[in-house]
Amino acid sequence: WAGAGLGMGLLYPSLSVLTLELSAPGEQGRNSSSLQLGDSLFAATVLALTGAVLAAGAAPGPGSYAGTLTVASGLALAGVLLAGRVVPGRQPAT
């Protein structure tokens, strides 16, 4: 959990700063709100999926908790694989 907390602590401020830095001045608000919306939607999706896996079992136990961690790990892996597709665009001429 310490590793996950460290990763989140490093990711969130860096991602916000990079979003603002790589956005054109007129698009910073839209890109910032898109980042926040994507974060909220992904958090809700992970919560719903892991909650469904946890509730699918007869009684919560080690197997259902392992299932929720498997779902979360799979989604994290998908994010890592998709992150390689992101290429910073060219900076606008100022």
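The model is predicted, so local features need pLDDT of at least 70 and side-chain atom pairs count only at pLDDT 80 or more, while totals for chains, interfaces and linings use all residues. Residues are numbered from 1 along each chain as its sequence is written, and side-chain values use heavy atoms, leaving out hydrogens and water.

Helices here are DSSP runs of H or I with at least four residues, and strands are runs of E with at least two, numbered from the N terminus.

| Helix | Residues | Residues in the contact |
|---|---|---|
| α2 | residues 28–56 | F42, V46, L49, T50, V53 and L54 |
| α3 | residues 62–83 | S64, Y65, G67, T68, V71, A72 and L75 |

By class, this contact has 9 nonpolar, 4 polar and no charged residues. Nonpolar covers Ala, Val, Leu, Ile, Met, Phe, Trp, Tyr, Cys and Pro; charged covers Asp, Glu, Lys and Arg; the others, Gly among them, are polar.

The axes of α2 and α3, lines fitted to C-alpha atoms over the stretch in contact, are 8 Å apart at an angle of about 150 degrees. Angles run from 0 to 180 degrees between N-to-C directions. The two helices are therefore roughly antiparallel, a term for angles over 145 degrees.

D39 lies in α2. D39 counts as partly exposed because its relative accessibility is 34%, between the limits for buried (under 20%) and exposed (over 50%), with a 1.4 Å probe and protein chains only. The C-alpha atoms of D39 and Y12 are 9.8 Å apart, although 27 residues separate the two along the chain.

Definitions and conventions. Parallel < 35°, antiparallel > 145°, perpendicular 65-115°, else oblique. Contact = heavy atoms within 4.5 Å.
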